[in-house]
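Hi,

Here is the structure I promised to pass on.

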Amino acid sequence: LARLAVRLDTRCAEPVRRAVQSHPALQVAGGGDAQLVIDCGAAPGPTDISRIVLTPGAATDLDAATLLWSGSAQSLQQRLAGQLPTRARGSLAAPGDRDRVLLASGATPLLILRDGSPRVVESALDVEAPGFAQGPGLPLLMAALADIALDSALLGQTVSKDRGDDAPRVM
């Protein structure tokens, strides 16, 4: 199985690097032919590669009672159930008419899939939140964001290619 090359912004925190490295379908690359960019606040990079943008900025507490998931993000909600950080960081630019807000805290967007190609998913979730960065939530979040940015279920492909088409079936 060939792993997908990921260009990781040098400003990304070490837990983000570890989360990406723990993904069986992703490999941090030093540049070159990356298929995904993870941007943690650097100047805008290439626009011809799918991107995950992790917004920098001041941390603010999130109230779980105000979290609103988009109907189109139901599988994402199930995947990340109980695994979200309790803080946001920075803020996202207002969504355009064709952008999809996947998760919001009240009226404040936390996850946005921007319209266009290649795909760009932006997150204001605080990936460095205490307890979150060291737990299972960060690798799950990074895997989910990679799937959204690449419009592909990377772990499902890994199971099928490594173990055959019947591997994910429960008998």
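**An exposed aspartate and its partner**

At 56% relative accessibility, Asp151 counts as exposed (over 50% relative accessible area; buried is under 20%, partly exposed in between, with a 1.4 Å probe and protein chains only). Its salt-bridge partner is Arg119, with 3.8 Å between the closest N and O atoms; the term means a side-chain nitrogen of Lys or Arg within 4 Å of a carboxyl oxygen of Asp or Glu. Arg119 is partly exposed, at 23%.

A word on the source: this is a predicted model, where local features need pLDDT of at least 70, side-chain atom pairs count only at pLDDT 80 or more, and totals for chains, interfaces and linings use all residues. Residues are numbered from 1 along each chain as its sequence is written, and side-chain values use heavy atoms, leaving out hydrogens and water.

The structure holds eight salt bridges. Among them, Asp39 and Arg51 pair at 2.8 Å, N to O, and both residues are buried. Arg114 and Asp99 also form one, with their closest N and O atoms 2.8 Å apart; here Arg114 is buried at 13% and Asp99 at 17%. Arg87, Arg89 and Asp126 are linked in a network.

Happy to talk it over!
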